[in-house]
Amino acid sequence: MVDLLFYVAALVAVLTAVGVVLARNPVISVVSLLTCFGSLAVIYLLAGFQFLAAIQILVYGGAIMVLFLFVVMLLNLGGLSPEDEDGDDPLFHDRRRSAGGLAVAVALGSASLIGILRGARHLAEPANGYALPDEGFDALPALAEAMFTRYSLPFEAASVLLLATTVGVMVLAKRQRAVTPAGEKRP
Amino acid sequence: MSVPTEHLLALAAILFAIGVAGFFTRRNLIVVLMSIELMLNAANLTLVAGARLHSSTGPLQVDGPIFVIFIIAVAAVEAAVGLALVIALYRQKQTVSLDAFARLED
């Protein structure tokens, strides 16, 4: 029963991921990606990672996708994009470039699938068949202990990265006025 | 759940390939950024599958979940910077099509 739920969630994740790539309307892409992240959160929950499922919903669903949706609506990209003057498909690159990209994706995907399915028989089989510990595989005490001892340096680096991003994004997205009050042109 | 690890890894590989396809074929800059998020999520799923296998066969290991948390932080940063760049580029050309930005000097 639980296994069946995993396969349903996996199917939803794959279909919505295809929807992200194929959708004509960027808003549909955003909503598909949100559904994809939601089904990935279900998979994390089924696999025994409650905390990761929670932050998947909170950070991806709550923060990142809202940011995407905000930009799509701010720039008013919701409608269908008109064809450009060359009459090209507004969605995809020209045929040669698309075929090349698709070939790279298919080669990468099939290579990793073959590798996974061939290598799977060398994986160590757990004796108790993935029995779930009571507090899951990402028990918060163990997670916090590792985060603030062994991984304290990456933790600090992440905080610096977030600060630098906040400042950098403010500078990037600030509307640059062409003329200062003194009447001089800014570079 | 008793789903074998290779099925989780196969799902991650499929999602990554779809992300690569979107990254190389779409013209819309915002959809390209969303494809990158999809690829980062496939990487997260791989780490989760590995952490589950290692924690089931031995003592509890939290390295996988910690890496997932860091990847989510980096993904948030990447989305913020990428979308700020999209807004800055949109001000220049009033479009988010990648063709308009093939030559960045003009």
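Helix axes are lines fitted to C-alpha atoms over the stretch in contact, and the angle between two axes runs from 0 to 180 degrees between N-to-C directions. In this predicted model, helix 2 of chain B and helix 3 of chain B pack at an angle of about 175 degrees. Their axes are 9 Å apart. Angles over 145 degrees count as roughly antiparallel. Helix 2 of chain B and helix 3 of chain B are therefore roughly antiparallel to each other.

From helix 2 of chain B come Leu29(B), Ile30(B), Leu33(B), Ile36(B), Glu37(B), Leu40(B), Ala43(B), Asn44(B), Leu47(B), Val48(B), Gly50(B) and Ala51(B). Their partners in helix 3 of chain B include Gly64(B), Val68(B), Ile71(B), Glu78(B) and Val86(B). By class, the contact of helix 2 of chain B with helix 3 of chain B has 17 nonpolar, four polar and two charged residues.

Chain A contains six helices and zero strands. Its elements run α-α-α-α-α-α from the N terminus on. The chain has 187 residues, and 24% of them count as buried. Among contacts in chain A with a separation of 6 or more, 53% join residues 24 or more positions apart. The domain assignment gives domain 1 (1-79) and domain 2 (139-177) of chain A. The centres of domain 1 and domain 2 of chain A, taken over C-alpha atoms, are separated by 23 Å.

Within chain A, helix 2 and helix 3 also pack against each other. Their axes come within 8 Å and cross at roughly 175 degrees. Helix 2 of chain A and helix 3 of chain A are therefore roughly antiparallel to each other. Helix 2 of chain A contributes residues including Pro26(A), Val30(A), Phe37(A), Gly38(A) and Tyr44(A). Helix 3 of chain A contributes residues including Gln50(A), Leu52(A), Tyr60(A), Phe68(A) and Val72(A). The contact of helix 2 of chain A with helix 3 of chain A has 18 nonpolar, four polar and no charged residues.

The two chains meet as well. In total, 60 residues of chain B are in contact with 72 residues of chain A. On the side of chain B that touches chain A, helix 1, helix 2 and helix 3 of chain B each supply at least two residues. Helix 3 of chain B gives the largest share of that side, 20 residues. The residues on this side of chain B divide into 45 nonpolar, ten polar and five charged.

One helix pair crosses between the chains. The axes of helix 3 of chain A and helix 3 of chain B come within 10 Å and cross at roughly 5 degrees. That makes helix 3 of chain A roughly parallel to helix 3 of chain B. Leu52(A), Tyr60(A), Ile64(A) and Phe68(A) are among the residues on the side of helix 3 of chain A. Pro65(B), Val68(B), Ile72(B) and Leu83(B) are among those on the side of helix 3 of chain B. This contact between the two helices has 20 nonpolar residues, no polar residues and no charged residues.

The largest nonpolar core has 73 residues. Those with the most contacts inside it are Tyr44(A), Phe68(A), Ala12(B), Leu15(B), Ile30(B), Leu45(B) and Val48(B). Chain A gives two or more residues to this core from each of helix 1 (2-22), helix 2 (26-47), helix 3 (50-74) and helix 4 (95-119). Val48(B) shows contacts to both chains. Not counting residues up to four places away in sequence, Val48(B) touches Tyr44(A), Ala47(A), Phe49(A), Leu52(A), Gly64(B) and Val68(B).

Ala21(B) lies in helix 1 of chain B. Ala21(B) counts as buried because 25 C-beta neighbours lie inside 10 Å. Beyond residues up to four places away in sequence, Ala21(B) touches Val21(A), Gly101(A), Leu102(A) and Ala105(A). Ala21(B) and Thr5(B) are 16 residues apart along the chain, and their C-alpha atoms are separated by 25 Å. Gln94(B) is in the segment after helix 3 of chain B. With 9 C-beta neighbours inside 10 Å, Gln94(B) counts as exposed. The phi of Gln94(B) is near 60 degrees, a positive value in a residue other than glycine. Most residues other than glycine have a negative phi.

Conventions:
Residues are numbered from 1 along each chain as its sequence is written. Chains are lettered from A and ligands numbered from 1 in the order in which they are written. This is a predicted model: local features need pLDDT of at least 70, side-chain atom pairs count only at pLDDT 80 or more; totals for chains, interfaces and linings use all residues. A nonpolar core is a set of buried Ala, Val, Leu, Ile, Met, Phe, Trp, Tyr and Cys residues joined through C-beta atoms within 7 Å. A residue is buried if 20 or more other C-beta atoms lie within 10 Å of its own, exposed if 12 or fewer, and partly exposed in between; C-beta atoms are placed from the backbone. Helices (H or I, at least four residues) and strands (E, at least two) are DSSP runs, numbered from the N terminus. Two residues are in contact if their C-beta atoms, placed from the backbone, lie within 7 Å. Domain bounds come from an automatic or database domain assignment. Ala, Val, Leu, Ile, Met, Phe, Trp, Tyr, Cys and Pro count as nonpolar, Asp, Glu, Lys and Arg as charged, and the others, Gly among them, as polar. Angles under 35 degrees count as roughly parallel, over 145 as roughly antiparallel, 65 to 115 as roughly perpendicular and the rest as oblique.
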